[in-house]
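Try each task before you read its solution.

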Amino acid sequence: MDIVVVGAGQAGSALVSKLRGLGFDGGITLVGEEPVVPYQRPPLSKAYLLGEMELERLYLRSEEYYAEQNITLKLGAPVTGIDREHKELHLGEERLKYDLLALTTGSAPRRLPAAIGGDLGGVFTVRTLADIDRMQPELGAGKKALIIGGGYIGLEAAAVCAKLGLDVTLVEMADRILQRVAAPQTSDYFRALHEDHGVDIREGIGLEKLLGDGRVTGALLTDGEELAADVVIVGVGITPCTQIAELGGLMIENGIKTDAQGRTSDPSIFAAGDCASFPHGGGRIRLESVGNAIDQAELVAENMLGAEKDYVAKPWFWSDQYDTKLQIAGLNTGYDEIVTRGEGETVSFWYYAGGKLLAVDAMNDSRAYMVGKRLIEGGKSPDKAAVADPATELKALLKA
């Protein structure tokens with residue numbers, strides 16, 4: 001049997017490695033659009049951009065590993081079509097046969113329209129190794145950086161630029177940074193953190209257009225103000241890469257639609273990672289995280305070999321900004337109350353819906369994160385007053 005995996009990122013690497021780990025000895029081909037072996041994305045915009053991590057340390061596994069495991073790598077190879085009837089993948093003129101196919105195509109950053117200056121020189125998104133390699137030489141101390149978007153990508157970019165000595169302004173169209181993903185308390189924490197590091201945060205203000213002829217020189221904001229800018233970093237969200245699935249006529253619903261076991265609308269084709277939406281809690285979700293990419297891909301590997309296991313998501317996320325580590329457990333959708341534990345730099349916010357614990361945001365508090373994660377995964381909801389009481393030993397919540 002021949003298995004082909006399209007998308008050489010975190011999920012693709014995890015999937016092919018798991019197949020071999022499970023003892024599958026058939027053909028495995030991993031197809032990637034980028035010309036490099038699978039690498040970690042989170043350090044790109046932090047340690048790697050800061051020059052604190054070597055390129056080789058980004059790689060998830062060495063090129064030799066794939067050769068040793070008899071996994072064929074086809075890198076720098078964009079997919080141009082899927083012939084589901086004949087089970088063939090088109091890579092330009094090349095035809096690649098498969099018995100089972102997995103799509104781990106990830107996601108792509110939203111870009112600013114060319115009509116408002118999105119194509120100007122000096123405007124960057126943060127997603128690929130090539131993005132960072134292009135951006136790095138531009139981030140000289142004393143330059144003016146404009147960050148568009150106050151989600152985690154934008155805030156991480158602002159932190160790196162501030163650490164590199166740039167003059168940083170961040171513009172967020174919503175009423176507050178992190179509005180889509182976090183409680184006001186978490187927004188307040190990170191606003192104060194960035195302002196302490198000299199970042200000028202503008203909330204409730206959008207971008208009208210970028211200014212410049214060929215290269216960005218500034219920006220016109222929706223309140224009429226003009227800002228000078230030497231470099232612009234756009235962090236306005238990502239979208240699932242569904243183009244290849246669409247070429248094959250697969251069902252799309254907030255990403256590539258899969259069942260609980262990772263199968264798409266074609267039983268010979270699976271999907272995992274950022275690109276895939278799956279059943280969850282009576283609805284359907286898509287998770288953009290390293291943890292989901294690995295867990296879902298490994299389960300799909302098992303199911304491609306006949307395990308027939310349903311995916312039960314255990315969401316967790318993290319973000320590094322300056323010397324602060326944010327760790328998130330669970331999904332906060334539908335919360336109606338926040339319980340605060342701790343204060344100052346070390347604090348955690350516990351999201352409840354009624355009496356049910358949904359999620360925890362922990363800043364510099366790995367214990368709160370670990371306990372919260374175990375409680376959520378175990379379906380336990382500790383007493384709110386006990387969570388808030390600093391005298392409560394966190395581990396005791398697990399026994400309650």
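**Exercise 1. Find how many disulfides the model has, and look at the cysteines**.

Step 1: Apply the rule that a disulfide is a pair of cysteine sulfur atoms within 2.5 Å. The count comes to 0 disulfides.

Step 2: Check cysteine 241. Its closest cysteine sulfur belongs to cysteine 275 and lies 7.8 Å away, too far for a bond.

Step 3: Look at accessibility, where buried means under 20% relative accessible area, exposed over 50%, and partly exposed in between (1.4 Å probe, protein chains only). Cysteine 241 is buried at 15%, and cysteine 161 is buried at 0%.

A note on the source: this is a predicted model, in which local features need pLDDT of at least 70 and side-chain atom pairs count only at pLDDT 80 or more, while totals for chains, interfaces and linings use all residues. Residues are numbered from 1 along each chain as its sequence is written, and side-chain values use heavy atoms, with hydrogens and water left out.

**Exercise 2. Work out the strand order of the open sheet**.

Step 1: The 3 strands follow the order S13-S14-S15, with antiparallel pairing (two strands pair if DSSP finds at least two bridges between them).

Step 2: S13 (207–212) and S15 (226–228) are the edge strands, each pairing on one side only.

Terms used:
Helix = DSSP H or I, 4+ residues; strand = E, 2+ residues; numbered from the N terminus.
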